[in-house]
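Trainee: Could you walk me through reading a few features of a structure? I would like the general idea, then the case at hand.

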Amino acid sequence: MKSVEEYKEIFNRYGGMMRSKELQQERILYRPLQKLIECGLVEKVRYGYYQWVDQEDFSEITTVIRLFPDAILCMDTALRYYGYSDRTPGEWHLAVSKDSGKSRFRIDYPFVKPYYMEPSILELGLTNGKMDGYEIHIYDKDRVICDCLRYRNKMDKEIFNKAIQNYIADCEKRIPKLLEYAEALRVKKIAKDLIGVWL
C-alpha cells in the first residue's frame with residue numbers, strides 16, 4: 001500500500017478529485033480506497049467521484065468547480081458575491097447549458113440549483129472572478145440583474161427588491177450593457193419599466 005503522501009500526490013494530479021476510471025488507471029483499488037475513506041482522507045462526492053479531503057480548506061467552491069467545470073455562478077450566488085444580497089444561499093445557483101444531463105445535479109453535497117440556459121445565451125455576460133482564492137466563472141452584474149428580472153416570479157421578493165436597489169446604487173453599473181442583455185434575454189420592457197423608474 002502507498003503512503004498517504006503518495007495518494008495525496010496522485011489526487012493532486014487530478015485537481016483533488018478523481019473518477020472511478022482514473023482510480024483504476026492509477027491502480028487505487030477498492031480496499032485502499034475504502035481505507036482512505038474510513039480515515040477521513042477521501043470522501044465520495046457522488047457516484048463514481050471521489051475527492052481528497054483538504055483539512056485546511058473548508059470551502060465548497062472547490063467541489064463545485066471540480067464537479068461542474070462548465071457551470072457559471074448565477075442568481076442568488078452571484079448576488080451574494082457582488083454584495084447585492086446579504087443572504088447566504090442554501091444552495092449553489094449554477095447556469096448550465098440546457099443540453100446538460102439532469103442526473104449530474106442530483107447529488108447530496110454540496111446543494112446545487114441548476115438553471116438550464118439556451119446555448120446561445122449561456123455565455124452572455126460571462127466573466128471571471130475569485131472566490132476563496134479559486135478562479136470562478138460568474139455572470140457580470142448587469143447579466144445577473146437581467147436574470148433576476150427573468151426569474152422575478154420565482155425569487156424571494158425581499159432578495160429581488162434589495163438586488164435591484166443595490167444595482168441602482170452601484171457606481172459600476174452599466175445601463176447600456178444591461179439593456180443590451182435585456183434585449184437578448186427578452187426582458188427589455190421590464191428592465192425599462194422597473195429600472196427606469198430609479199434612474
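Mentor: Happy to! Let's start with burial: a residue is called buried when its relative accessible area is under 20%. This is a predicted model, and in it Phe11 has a relative accessible area of 0%, so Phe11 is buried. Trp52, at 9%, is buried as well.

Trainee: How many aromatic pairs are there?

Mentor: The count comes to seven. For the angle, planes under 30 degrees apart count as stacked, over 60 as edge-to-face and the rest as tilted. The rings of Phe11 and Trp52 have planes at 50° and centres 5.5 Å apart, so this pair is tilted. Phe11 belongs to helix H1 and Trp52 to strand S3, so the pair ties together parts 41 residues apart in sequence.

Trainee: Which residues join Tyr84 and Tyr167 in a cluster of ring pairs?

Mentor: Tyr81 and Tyr82 do.

Trainee: And which charged residue lies over the face of Tyr139?

Mentor: Here we look for a charge above a ring. Arg143 lies over Tyr139, 4.0 Å from the ring centre. Likewise, the charged end of Lys102 sits over the ring of Tyr116, at 4.2 Å from its centre.

Trainee: In what sense do strands S7 and S8 pair?

Mentor: Antiparallel, over six bridges. Met131 stands opposite Tyr134, and the two strands form a hairpin with two residues between them. In the turn, Asp132 has a positive phi of about 50°.

Notes
Residues are numbered from 1 along each chain as its sequence is written. This is a predicted model: local features need pLDDT of at least 70, side-chain atom pairs count only at pLDDT 80 or more; totals for chains, interfaces and linings use all residues. Side-chain values use heavy atoms; hydrogens and water are left out. Two strands pair if DSSP finds at least two bridges between them. Helices (H or I, at least four residues) and strands (E, at least two) are DSSP runs, numbered from the N terminus. Rings of Phe, Tyr and Trp (its six-membered ring) pair if their centres lie within 6.5 Å; planes under 30 degrees apart count as stacked, over 60 as edge-to-face and the rest as tilted. Buried means under 20% relative accessible area, exposed over 50%, partly exposed in between (1.4 Å probe, protein chains only). A charge sits over a ring if NZ of Lys or CZ of Arg is within 6 Å of the ring centre and within 35 degrees of the ring normal.
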